[in-house]
Amino acid sequence: MTGSILMLALSALVLELGIDKASRGTSNASRSMSPTFHLLTGAWPEHEAALRHVRHAVFVVEQAVPVDLEWDEYDAVSLHALAIDVDGMPIGSARLLPDGHIGRVAVLAPWRRRGVGSALLRTMIDAARARGDRNVVLNAQVWAMPFYAHHGFAAEGDAFDEAGIAHRTMRLAL
């Protein structure tokens with residue numbers, strides 16, 4: 001918890017100094033992506049409450065994904081990215097599984113189309129590349145495929161149903 005408080009204080013200092021990009025140099029923090037939001041990375045226990053807040057709002061409430069499908073055993077073994085606003089409030093999430101799958105990319109409605117999703121996705125891609133993954137794979141909701149294609153992902157196979165929502169597998173070679 002102390003690390004999270006320190007990171008929030010550092011984020012406030014970065015904003016106050018007007019720095020657009022700053023390397024934090026720790027395992028649980030990424031870089032300042034914008035003067036209006038920041039990304040933190042870490043394990044599930046570090047940011048569980050904030051990650052649950054975002055994912056519940058987006059997947060369970062907005063998209064009607066059943067609660068029992070949203071929470072799974074992969075959270076405990078994944079690297080998570082959390083986007084926070086300048087007040088430290090959670091606004092977006094993503095996770096990278098040990099096998100190279102990116103998932104649970106979610107951004108609260110008021111923050112969409114402001115670069116949060118792209119920053120989260122780039123953070124997960126960079127983490128996969130840094131650990132030596134050769135590619136990353138995700139199951140994109142069909143309506144979101146253009147977003148992932150913009151980041152270099154290519155569709156594979158036919159559409160399939162996941163939690164009552166049409167998806168397609170997409171892959172990016174690293």
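In the predicted model, His151 counts as buried, because its relative accessibility of 17% falls under the 20% cut-off. The residue is located in the loop that runs between helix H5 (145-150) and strand E7 (154-162). Beyond its neighbours within four places in sequence, His151 is in contact with Ser118, Leu121, Arg122 and Leu172. A separation of 9.8 Å is found between the C-alpha atoms of His151 and Ile125, which are 26 residues apart along the chain.

Ser118, one of the contacts of His151, belongs to helix H4 (residues 116-130). Ser118 has a relative accessible area of 17% and is likewise buried. With residues up to four places away in sequence not counted, Ser118 touches Phe147 and His151.

Helix H2 (44-62), helix H3 (67-70), strand E5 (101-107), H4, strand E6 (135-141), H5 and strand E8 (165-173) each give two or more residues to its lining. E5 provides the largest share, seven residues. The lining comprises 40 residues, and Phe59, Val105, Ala106, Gln141 and Tyr148 lie nearest the centre of the pocket. Divided by class, the lining has 21 nonpolar, nine polar and ten charged residues.

The average pLDDT of the protein is 85, and 80% of the residues score at least 70. Over residues 1-33, pLDDT stays under 50; the model has 53 contacts beyond four places in sequence for this segment.

Conventions
Residues numbered from 1 in each chain as written. Predicted model: local features only at pLDDT ≥ 70, side-chain atom pairs only at ≥ 80, totals over all residues. Heavy atoms only, no water. Helix = DSSP H or I, 4+ residues; strand = E, 2+ residues; numbered from the N terminus. Buried < 20%, exposed > 50% of the residue type's maximum accessible area, 1.4 Å probe, protein only. Contact = heavy atoms within 4.5 Å. pLDDT = per-residue confidence, 0-100. 1 Å grid on protein atoms, 1.4 Å probe; cavity = no way out; pocket = protein on both sides within 12 Å on 5 of 7 lines; lining within 4 Å. Nonpolar A, V, L, I, M, F, W, Y, C, P; charged D, E, K, R; others polar.
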